[in-house]
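Look over the model first, then read the points below.

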Amino acid sequence: MDCLFCKIIAGDIPSDCLYEDDKIFVFRDIDPQAPTHFLVIPKKHIDSLDALEDEDGELVGYIFKKIRDLAKQENLSAGYRVVNNIGEDGGQSVKHMHFHVLGGRSLQWPPG
């Protein structure tokens, strides 16, 4: 597979893994945009949020519960942001659905 994130999940590309289980892989961003910045990706390859199938709803719910738990673990009690970029105009650079979790500082709006 030519997908960067699938290669990270497989261990072919090293990453700073924060959490892993049978459904998701979580790692710290190599170019952090906040003091805490990690990515949450499903192990199942899904191109983007637009490509979700009805049966993926449970997986997305699971991802958000884990984001909540990891935010607590990373001491983001003052707040954090979850970002999902979809498509080229949305800023998606890797065609594997993923969620950025950013925190550790005040995050401004609009983001850019």
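By class, nine nonpolar, six polar and three charged residues make up the lining of the second largest pocket. Here Ala, Val, Leu, Ile, Met, Phe, Trp, Tyr, Cys and Pro count as nonpolar, Asp, Glu, Lys and Arg as charged, and the others, Gly among them, as polar. This is a predicted model: local features need pLDDT of at least 70, side-chain atom pairs count only at pLDDT 80 or more, and totals for chains, interfaces and linings use all residues. Residues are numbered from 1 along each chain as its sequence is written, and side-chain values use heavy atoms, with hydrogens and water left out.

**Second largest pocket**
- The second largest pocket holds about 300 Å³ of space. A pocket is an open set of points on a 1 Å grid over the protein atoms alone, where a 1.4 Å probe fits, with protein on both sides within 12 Å along at least five of seven lines. Its volume is the space filled by probe spheres set on the points, which are joined across faces, edges and corners.
- It is lined by 18 residues, and Leu4, Phe5, Ile8, Phe27 and Ile30 are the closest to its centre. Lining residues have an atom within 4 Å of a point.
- H1 and strand S2 (24–28) each give two or more residues to this lining. H1 has the largest share, three residues. Helices (H or I, at least four residues) and strands (E, at least two) are DSSP runs, numbered from the N terminus.

**Leucine 4**
- Leucine 4 sits in helix H1 (residues 4–10).
- Leucine 4 counts as partly exposed because its relative accessibility is 37%. The class lies between buried (under 20% relative accessible area) and exposed (over 50%), with a 1.4 Å probe and protein chains only.
- Beyond its neighbours within four places in sequence, leucine 4 is in contact (heavy atoms within 4.5 Å) with Ile13 and Val94.

**Largest pocket**
- About 440 Å³ of space lies in the largest pocket.
- Its lining has 16 residues, with Arg81, Val83, Asn85, Leu102 and Pro111 the closest to the centre.
- Strand S4 (80–83) and strand S5 (99–103) each give two or more residues to that lining. S4 gives the most, three residues.

**Glutamine 92**
- Glutamine 92 is in the loop between S4 and S5. It counts as buried because its relative accessibility is 8%.
- A polar atom of its side chain lies 2.8 Å from the backbone oxygen of aspartate 47.
- The side chain of glutamine 92 also reaches the backbone nitrogen of glycine 87 at 2.9 Å.

Conventions. A polar contact is a pair of N or O atoms within 3.5 Å; within protein, one must be able to donate a hydrogen and the other to accept it, and residues adjacent in sequence count only if both atoms are side-chain atoms.
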